[in-house]
Every structure is written in structure tokens, then in C-alpha cells.
Amino acid sequence: MAASKGVVLCSANSTNAATTPVYWPGGFACLMISATVFPTTCFLQVQNNDGTWINMAPATVTSSPTTISANSGYGYNLPAGQVRMNLTGGTCTALTAVLSSVAFD
């Protein structure tokens, strides 16, 4: 397995908002989150064909979508399309969220 390209979904202080969407080409991905102070709710979201934003559960979670914890990594198999982070419940400081593709050799 080798890491390839990635996108920074947010890098700064963030407050109760969704980040600017970026295009994701689809496939296996690793989301890495770090923050000094973290909000109560944080989701990786993918935009559906009708424009609705869908909360994505980490691939390691078998129940309904759960929130993301600070200083953690999560695996996903994502469709191609727009992705973003949705932050609510507080202000993040020193927040970085990076979504990186994972290629299996």
C-alpha cells in the first residue's frame, strides 16, 4: 500500500461551518485530523447527485455515522465528487484535516 496525492480540507482555526468543498476522484482514502481544541461534532461529507451533503461514517465503524475525534485517522472508500468537513458545536484551533488517497500495490 502506498500513499499518493491528498487534499487539505481545512488548515487553520474553524468555527461552526462547513469547509469549502474540493473534488475527490474517488477510491480508498485516509482522513487524518489534528486539532488543539475540537468541536463537539465533525463529519466528513460527500455531495450526493441531488446536491445533498451526506455524512460519511469511517470504514471501521459498523453502526450509524459517528463523529470524528481529534488526532485520529479514518479509512473510507469514497465515490468521486465534492467532499468537505462539516464542523459544529464549537471553535477548532490549530485544526488540520487532510484526505489522502491510498493505492494498493
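Tutor: Residues are numbered from 1 along each chain as its sequence is written. The model is predicted, so local features need pLDDT of at least 70, side-chain atom pairs count only at pLDDT 80 or more, totals for chains, interfaces and linings use all residues, and side-chain values use heavy atoms, with hydrogens and water left out.

Student: What makes up the secondary structure of the protein?

Tutor: Zero helices and eight strands. Helices (H or I, at least four residues) and strands (E, at least two) are DSSP runs, numbered from the N terminus. The order is β-β-β-β-β-β-β-β.

Student: Why is Thr 19 called buried?

Tutor: Buried means under 20% relative accessible area, exposed over 50%, partly exposed in between (1.4 Å probe, protein chains only). Thr 19 has 11% relative accessibility, so Thr 19 counts as buried. Of the 105 residues of the protein, 31% count as buried.

Student: Where is Thr 19?

Tutor: In the loop between strand E1 (2–15) and strand E2 (22–24). Thr 19 and Met 85 lie 66 residues apart in sequence, yet 5.5 Å apart in space, C-alpha to C-alpha.

Student: Which residues touch the most other members of the largest nonpolar core?

Tutor: A nonpolar core is a set of buried Ala, Val, Leu, Ile, Met, Phe, Trp, Tyr and Cys residues joined through side-chain atoms within 4.5 Å. The largest one has 20 residues, and Leu 31, Leu 44, Ile 68, Leu 78, Met 85 and Leu 99 touch the most other members. Strands E3 (27–34), E4 (41–47), E6 (72–78), E7 (81–88) and E8 (91–103) each supply at least two residues of this core.
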